[in-house]
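Here is a short report on a predicted model.

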Amino acid sequence: MPVYRDEAVVLRTHKLGEADRIVTLLTRRHGKIRAVAKGVRRTASKFGARLEPFMVADLQLYEGRTLDVITQAESLGSYGAEISQDYAAYTAANAMVETADRVTEAEGSLQQYLLLVGALRSLARREHGPVLTLDSYLLRALALAGWAPSFQDCARCGRAGDHTAVVVQLGGVVCNECAPPGAPRIAPSTIGLLGSLLAGDWAHAEAAGDRDRNQASGIIAAYTQWHLERGLRSLPHVTRDAARPPEAAPAVVPAPDSAPDSATDPTREPAPQ
């Protein structure tokens, strides 16, 4: 049977039999795969701890009929322990790996892999707040998947300007002429924060006030739910600052029949640092 090696981040695991485990992986070169790790639930397992969620490892596998089999695992990024010590980071990381599982297919994407590894590393190192890191990751993952939002030009007609109406079905902010009746209006400072999270401008993002962060998180949650067609199960459990309760997501309003044009390039380097 063909043997191959690849780097991978562990998305989730399931028990199999008495000692084995099925591991869902996002790999650097082979996309998303499901593989069996035999005997990893035994206390004598040599690499069981390297195949826990949020861990990054260099793996050797061989192709099976239905599932590949992991034969070796060497740790490249031990992020699981550091993330699990902080519940806010842990809930954010769960939302990240669930999103990665949903937006990647068998062929995978190198940029999606690098984005997820960078986001988990940032959480483990406490480089930024967990909610800001998660919101930035969600916007970038959706952009790489082909759903790049527009937070500057009108997402429908491309008109430049300082637009304040946001319609998630149309792809971001829209001008007054394109805005459906009842479209939510947000402050320019919130739009600026959304653009900073998408671009990775952490100095501007971390300087944002509580109200802007709350509104941005609500918009990002609504945008994610719309494009993934159903909500992320882990997103409601994300722990936020007690002084910063999440605001309600923008209401879904009837959108015009024409499809939006994405004005944002989804191919730029996305990994948050």
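## Cavity lining

Ten names make the list to check against the viewer. Leu139, Pro149, Phe151, Val166, Val168, Gly171, Gly172, Ile219, Ile220 and Tyr223 line the largest cavity. Its volume is about 40 Å³. The count of cavities of 30 Å³ or more comes to one.

By class, eight of the lining residues are nonpolar and two are polar. None is charged. Gly171 and Gly172 are in the lining, and glycine counts as polar in this scheme. Which helix gives the most to the lining of the largest cavity? Helix H7, residues 210–228, does, with three residues.

## Strand S1 and its partners

Strand S1 covers residues 3–16 and pairs with strand S4, residues 56–62. The sense is antiparallel, over seven bridges. Within this pairing, Glu7 stands opposite Asp58 in S4.

S1 also pairs with strand S2, residues 20–27. This pairing is antiparallel too, over eight bridges. Here Lys15 stands opposite Arg21 in S2.

## The hairpin turn

S1 and S2 form a hairpin. How many residues lie between the strands? There are three. In this hairpin, Gly17 takes a positive phi near 65°.

Notes: Residues are numbered from 1 along each chain as its sequence is written. This is a predicted model: local features need pLDDT of at least 70, side-chain atom pairs count only at pLDDT 80 or more; totals for chains, interfaces and linings use all residues. Side-chain values use heavy atoms; hydrogens and water are left out. On a 1 Å grid over the protein atoms alone, a cavity is a set of points where a 1.4 Å probe fits but cannot get out, and a pocket is an open set with protein on both sides within 12 Å along at least five of seven lines; lining residues have an atom within 4 Å of a point. Grid points are joined across faces, edges and corners, and a volume is the space filled by probe spheres set on the points. Helices (H or I, at least four residues) and strands (E, at least two) are DSSP runs, numbered from the N terminus. Two strands pair if DSSP finds at least two bridges between them.
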